[in-house]
Number of protein chains: 2
Amino acid sequence: MVNQDILRILKSNLEHVSGEEISSGLGISRAAIWKHIQELKDLGYDIAAVPHLGYKLLSSPDKLLPWEIKHNLKNRLIARNIYYYESLPSTMDKAAEFVSSNAPEGTLIIAEGQTKGRGRMGRAWVSPKYKGIYFSLIIKPKILPQQAPVLTLISAVAICRALKQQLGIEFQIKWPNDILVNNKKIAGILTELSAEMDIVHAIIIGAGINVNNTEASLPDGGSSLKEITGQKINRLSILQSILRCFEKEYLQFLEQGVELTLSDWRHFSLTLGRRVKLNTNDKRHQIIGEAVDIDSEGGLLVRLDSGLTERVMAGDIIHCKR
Amino acid sequence: MVNQDILRILKSNLEHVSGEEISSGLGISRAAIWKHIQELKDLGYDIAAVPHLGYKLLSSPDKLLPWEIKHNLKNRLIARNIYYYESLPSTMDKAAEFVSSNAPEGTLIIAEGQTKGRGRMGRAWVSPKYKGIYFSLIIKPKILPQQAPVLTLISAVAICRALKQQLGIEFQIKWPNDILVNNKKIAGILTELSAEMDIVHAIIIGAGINVNNTEASLPDGGSSLKEITGQKINRLSILQSILRCFEKEYLQFLEQGVELTLSDWRHFSLTLGRRVKLNTNDKRHQIIGEAVDIDSEGGLLVRLDSGLTERVMAGDIIHCKR
C-alpha cells in the first residue's frame, strides 16, 4: 500500500519530489522510502533519484497491475476487486474458483499470459505474455439463464466502443463473439454461466484481445491492434477503457432493459444484413440466409431463402462473400 | 470389496451359507470372513451365525449404501459412480465440487441427511437423517443452455413414474418442479446449470423426497410417502426405481428429442388445464390465465383472459381454486 501511495505522489508531480516531502506526507522515514522505491523499480517502474532534488517517475512498466488499472478508472462496480497473475493456465478457470468461493460482482481476474487460454467450445486462445489483454470478469445480474447471451452482446459493444475511443478506428462484431477489423479477428469473448433454471448465479465474461502481437504469431485470420495501427499500443489504457465502457453498457442494461444494448450492438454488427451460412451444433441441418436482426435474448434471426425466419442461438457463422 | 462379495453370496442364498463355502468361493480364510462379517454388522446388517450351519442375512440396514443402490440396478449411465455421505450441508454443493473436478456423467451424490438442504431460489429443504431421499445427479447432455429446463421435466416425470410403479399411486407435477399428491408436496427438484452460451458443460439435478417423515415435522403443505400410504416405505427401492426411470427418460430424450418427454410430462401434470396465477421474477406484472401447454424448452404457456398467450419460464405459480 505504501508503494501505491508513493506512486500516487510521484504521478501527481511532473517534477522531482523530495524525499522529505514524501516522508512527511506519508509519515514514514526516508530510509523506508528508499526501500519502497527499490521495490517499485523491481516491478519495472523507472524512477530517477537526483541528489538535492528527489525522485521523479520516468516511466511505468508495461504491466496490467491492479493499482494501475484502478488509477483514474472511476468505476463503481466493474473491477472493484482485481486479482492479478503473471501467468495462469486460464483466467476462466481461476474466475470459476472465485465464483465457487462467492466472490462479489465486479471481480476481475487478469493474467499477463495464459498457458491454456481458451475460446468457445474448448478452442485455444493464443495468449503470449505481455502481448495481449486476457481477463475474466465476474458479474451477477438477476436475470434468467436464457438472457445470459445478452452479456456477450454487452461485452462486444464495450470492446468496440473502447477501441473506437482509444484508437479512432471502427471495429465490428461478428455474431456471436468475435471482434474484427478489416475482416481480421482482433478479440474474442467467452461467456460462461452458472445458474438455476429461474435465476443466474454468476456469469463469467472472458476476453482475449490481441494488442502487441505480430500477425505471424497469430492463427490464420487473426491480427492485433499493433498490426492494424502500425504502432505499439498501451495495453493499460485499452483495458481501462474497456472496463469503463463495460460498466456503462452493463448498468444501462440493468436499469433500462435490453433495447439500448441491442441498438448499440446493431450499430457495431458486421453480421446483420449479410448472407450467412451456419453449421448449428444443436441441429443437423445447415442454415443459409440473410442475417436480419438480433433478438432480446441474443439470438440471431436469419431469413431463409424460403422466406421463413429461423432463430439461431449457437453455432459457427460464415459470412458469405458479397 | 470383500464385504460386498460376502453380501452378494448371502443375498443369493435364502438359507445359511457355511463359512467354508464363502471361504472357498472368495479364496480367503474363515478368520478373515469372520472379520468382514463383523464389519457388515457394524454397518447395520443383521447376520445370524449358527454353528455347523454358517451365516444368514436376516436384514439390511435402512441406508442408501452405494453397493445396495447398484445391486440389480442395471443402469448403464445414471449412478454408475456413487458418492455416499452420512451427512452433508447440501448434496448440490458437493456435486458442484465434483463438476469442478470433472466428474463423469452419471455421478450420483447421496446423503442420508442434509444440514443446509436447499430448494429453488435459496429456500430450505428440510432433510432429516434417514427420513427422506436426498441426492444430486451430474449429467452432461450436449444441449443448449436454453434447453436445460427440460431436465427438470425429465426428473419430475421419472419421480412420478417411479412412485407409481412402487406404490401404485398417481403423483402429479406442479410446474415447474414440485411433486404432489392430494395437493400436498412430496418431493422437489432443483436443477443447476454450468454452461457456455453455446453448450451445457454440466447439469446438476437435485431431488429431495419426503419418505418416512411425519407430516408434523414438515413445512405447511408438505407430506411424505409414509403419511400418504400409512406405512413405512423402503427408501432404497424408491431410489433405485427413480434412477431407472430417470435413465430411461433421459436416454429417450437424447435419442429421440423432446417430444416424448413433453407428452410424458403432460400426462403427470397437475398444472395444465388449471387457472393459474404467477408472480414472475423477471417482470413486474402478475400473470393470470389458463395453463394450456408446455413448450420444447420447458416454458409454461398461459392463455390470458385477453386471449393472448404468454410464455413463462420462471416464477412461483398458484393454482387457483376451481
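Residues are numbered from 1 along each chain as its sequence is written, with chains lettered from A and ligands numbered from 1 in written order. In this predicted model, local features need pLDDT of at least 70 and side-chain atom pairs count only at pLDDT 80 or more, while totals for chains, interfaces and linings use all residues.

**View 1. Chain B meets chain A.** Here 25 residues of chain B are in contact with 25 residues of chain A (C-beta atoms, placed from the backbone, within 7 Å). On the chain B side, α6 (149-167) and β8 (184-196) each give two or more residues, and β8(B) gives the most, with 7. Helices (H or I, at least four residues) and strands (E, at least two) are DSSP runs, numbered from the N terminus. This side of chain B divides into 14 nonpolar, 6 polar and 5 charged residues; Ala, Val, Leu, Ile, Met, Phe, Trp, Tyr, Cys and Pro count as nonpolar, Asp, Glu, Lys and Arg as charged, and the others, Gly among them, as polar.

**View 2. Strands pair across the two chains.** Strand β8 (residues 184-196) of chain A pairs with β8(B) in the antiparallel sense over 5 bridges (pairing takes at least two DSSP bridges). Look for Glu196(A), which stands opposite Glu192(B).

**View 3. An open sheet in chain A.** Its 5 strands follow the order β13-β12-β11-β10-β14, with antiparallel pairing. The edge strands are β13 (309-312) and β14 (316-319) of chain A.

View 4. Strand β12 (residues 300-304) of chain A is joined to β13(A) by 4 bridges, running antiparallel. Leu301(A) has Arg311(A) as its bridge partner in β13(A).

How values were computed. Two residues are in contact if their C-beta atoms, placed from the backbone, lie within 7 Å.
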